[in-house]
Amino acid sequence: MTQNLLIPLSDLQPGDQGEVVQVKAQGPIRQRLLEMGFIRGVRLRVEKLAPLGDPMELVIKGYHLSLRRDESSCILVHRVA
Amino acid sequence: MSLTIALAGNPNCGKTTLFNALTGARHHVGNWPGVTVERRSGTFEQEGSTLEVVDLPGTYSLAARSEDERVAAKFLASPEVDLVLNVLDASNLERNLYLSTQLLELGKPVAFVLNMVDDAENRGVHIDLAALETLLGGPVIPTVGNREQGIPELKALLAAMARGETSRCRRITVDYGHDIEGELAKLETEIGRDEQLEASMPPRWLALQLLENNADAKRLVTESHASEAIGQQLTKSFAFLEPHLGADGATLIAERRYGFAHGLVKEVASAADDRRTPTSRLDAVLTNRWLGIPIFVGILALVYSLSFILGKIPQDWIAEGFKALSGFAEARLPAGELTSLLVDGVIPGVSAVIVFVPVIMILMGCIAFLEDTGYMARAAFIMDRLMHVMGLHGKSFIPLIMGSGCNVPAIQAARTIESPQDRLITILVTPLVSCSARLQVYIVIAGTFFTPFKAALAIIGMHFLGLGLAVLMGRMLRSALFHGPSSPFVMELPPYRLPVLRATAIHMWEKGSIFLTRAGTTIFAGATLIWFLSRYPGIANREWTAQYQDQRLAVQALKLPATETEDRLKALQLAHESHIVNTSLAARLGQKASPLLQPILDPDHKRPEAWKDVIALTAGFVAKEIVVSTMAVIHQASDEPKVGERLSPLQVALRDNSGLSPLTALAFMVFTLIYTPCLGTIAMIRREAGSWGWAGFTVAYGLVLGWGLAWVTVVAGRWMGFV
């Protein structure tokens with residue numbers, strides 16, 4: 001069941017889809033990510049990386065959001081085929 | 001009858017457009033008390049009621065974790081607010097409803113605006129308004145804010161609510177599930193022990209914030225006499241919920257809120273088409289891996305040219321107009337103190353303020369345009385990696401680049417940066433970016449002491465030095481002022497939209513008038529002070545004035561050809577002014593202060609005239625280009641070159657008499673780059689950073705850093721064998 005392997009969101013490639021399992025960040029950033037929709041079970045899709053490789057653009061809850069690697073590495077996801 | 005309406009909603013939901021549509025031009029812009037978050041309020045009249053609308057900063061939540069959220073949360077909880085108007089972006093309903101779940105907890109009547117319904121329709125989303133009204137427990141008005149559709153209906157609804165017709169409002173709250181509701185009830189009971197605390201905000205709202213571990217709510221509780229009981233209950237609640245539901249309070253509550261929003265959207269809206277939206281087609285080009293950066297550079301170049309090349313045309317008219325005015329006044333009025341106050345103090349002072357207005361308005365207009373289209377977020381997305389390395393935010397890039405035109409609007413442009421830390425750092429380092437006024441000083445100095453090729457190198461070097469220092473100071477300030485990691489970068493990339501030109505125009509007008517009223521007074525006061533220091537006591541010396549008048553009459557009596565008479569009169573005037581300035585308070589200060597600058601401007605103690613540089617630099621506080629005109633007066637040599645000569649008389653005087661060497665000239669340039677922001681910039685820092693303290697800090701670090709680097713220039717230059 002490689003599908004259920006937990007990986008940080010930052011490891012997803014453009015075009016990949018994932019399902020949020022856990023937000024590991026603490027403090028204000030945790031609250032911010034929760035508010036923006038990173039809650040358990042939510043599907044997201046990585047759209048692209050910025051021209052310089054960071055931040056990443058993703059689609060979550062029907063809107064587009066960008067996150068730095070610093071933040072996206074704190075979000076654990078399942079890869080979804 | 002009057003009513004205060006708080007306009008709340010997510011960023012990019014079209015709130016400000018709606019605010020403009022509701023209030024028209026009748027609105028007031030200021031800052032919220034104690035913070036540099038913009039506060040807009042306006043009124044409109046409808047069916048005999050006067051309704052006040054306060055536009056809150058756009059926020060995703062009321063968790064009070066950022067300055068914007070704190071302002072919004074505090075105002076919404078205050079008794080001042082009678083009605084909350086929640087603006088929802090119809091094309092992004094679910095995330096927008098997260099904030100609504102919090103607004104509903106506040107216990108105030110909430111009305112909803114479903115904005116940009118056209119966008120939603122285009123994406124194939126149809127929303128059942130009647131069902132939405134029922135599920136939200138408040139009236140819902142569909143609008144297209146940028147086409148003013150639905151505005152009359154909205155106004156009528158608000159007027160009806162002002163008359164007390166709230167039959168369409170029912171109290172709806174999110175159901176957090178059996179376990180959480182149980183803990184909420186227990187917390188509410190404990191909160192109820194303190195009547196004052198209970199009255200300050202709805203107990204349920206406070207209990208929710210406590211479960212979310214909200215620092216502001218906890219602080220509020222510590223002041224209560226029931227704080228111990230509440231604290232104990234909170235610990236118990238956490239101990240029960242976490243193992244029981246497998247997550248902490250904040251996660252659980254966010255999940256339930258999104259659960260409510262998700263369920264509601266499923267009920268009332270059809271699913272969006274999966275086809276590619278215009279936004280994703282545009283983004284395929286605009287944030288493309290290869291094209292993104294070149295396009296960004298192109299847009300930046302366009303904005304820059306519009307602001308500083310096109311903007312220079314009205315700027316020159318204004319400067320020329322004021323020059324003509326002061327020339328006119330000088331020719332008509334008798335020489336003396338009052339004339340000098342008018343000609344050398346007031347008129348240049350007013351001019352120094354007004355010349356900024358065209359540039360500010362054009363640049364702010366461009367930035368508002370880019371922001372309203374949604375491109376600004378893409379610009380930050382593209383540049384963030386680079387800026388992050390420097391300890392800044394992607395959105396800091398534009399202010400820094402625009403700083404090379406003029407620091408004043410660049411600092412204003414930092415408003416687009418949401419995080420207060422990033423914004424403050426950007427504001428504090430922008431003055432290091434070499435602006436076009438400083439360029440005029442470099443041109444005179446480098447043109448005098450270097451060959452044209454080396455002069456160009458030196459001038460380009462100054463610009464890179466400025467940018468490099470801004471980056472370095474940015475990193476240093478971040479680690480010195482703010483501990484911990486840099487603020488998170490979680491930025492929405494909103495759909496591209498056509499901006500409303502009226503909103504852009506209103507924005508330009510606001511920025512221009514704010515500058516005139518807030519910064520204008522500071523600049524004007526400073527300019528008058530510098531005039532006083534550089535003219536007294538000489539200007540009050542009757543004997544000198546009489547002598548000068550006699551000399552003028554003598555020249556006019558010679559009946560020479562007109563051009564020669566004019567030249568001689570000009571020379572006389574320059575001599576007279578030079579006499580006054582060189583014996584002024586500023587000159588005395590300069591002589592006293594020149595030992596301080598000796599290591600950088602006179603390392604060999606061979607320059608008896610080094611104090612003159614000090615006067616010129618002091619005058620440069622007003623505006624950097626004044627350094628040149630002051631030098632012209634001090635050295636009694638015009639800064640306009642005669643026809644067919646490469647060097648102006650001022651440059652010849654500097655070369656032959658000032659005692660500056662190429663090396664000390666370079667040190668002078670370095671010092672000019674860094675030593676202090678001009679008055680306009682200082683006034684703008686004070687306004688945008690919110691205190692005189694930060695403005696003073698910028699001047700102080702500039703002086704220290706400028707001195708240090710000029711000294712390094714001299715020492716390193718000599719070590720390498722230059723003189």
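This report describes a core, a set of paired strands and a chain contact in a predicted model.

## Nonpolar core

The largest nonpolar core holds 225 residues. Those that touch the most other members are Ala6(B), Leu7(B), Val84(B), Val622(B) and Met669(B). Helix 17 of chain B, residues 356-373, gives the most to this core, with 12 residues. Domain 1 (2-162) and domain 2 (178-268) of chain B each contribute at least three residues to this core.

Met669(B) has contacts beyond its neighbours within four places in sequence. Its partners there are Tyr442(B), Ile445(B), Ala446(B), Ala458(B) and Met462(B).

Strand 1 (residues 2-9) of chain B runs parallel to strand 4 (residues 49-55) of chain B, and six bridges pair them. Within chain B, Ile5(B) stands opposite Val53(B) of strand 4.

Strand 4 of chain B also pairs with strand 3 (residues 38-46) of chain B, here antiparallel and over seven bridges. Glu52(B) in strand 4 is the bridge partner of Thr43(B). Strand 3 and strand 4 of chain B form a hairpin with two residues between the strands, where Glu47(B) takes a positive phi near 50°.

## Contact between the chains

Chain A brings 29 residues to the contact and chain B brings 30 residues. On the side of chain A that touches chain B, helix 1 of chain A supplies the largest share, eight residues. That side of chain A consists of 13 nonpolar, six polar and 10 charged residues.

Strand pairing also links the chains: strand 5 of chain A and strand 8 (residues 490-492) of chain B are antiparallel, with three bridges. Leu67(A) has Val490(B), in strand 8 of chain B, as its bridge partner.

Definitions and conventions:
Residues numbered from 1 in each chain as written. Chains lettered and ligands numbered in written order. Predicted model: local features only at pLDDT ≥ 70, side-chain atom pairs only at ≥ 80, totals over all residues. Core = buried A, V, L, I, M, F, W, Y, C linked by C-beta atoms within 7 Å. Buried ≥ 20, exposed ≤ 12 C-beta atoms within 10 Å, placed from the backbone. Helix = DSSP H or I, 4+ residues; strand = E, 2+ residues; numbered from the N terminus. Domains from an automatic or database assignment. Contact = placed C-beta atoms within 7 Å. Pairing = 2+ DSSP bridges. Nonpolar A, V, L, I, M, F, W, Y, C, P; charged D, E, K, R; others polar.
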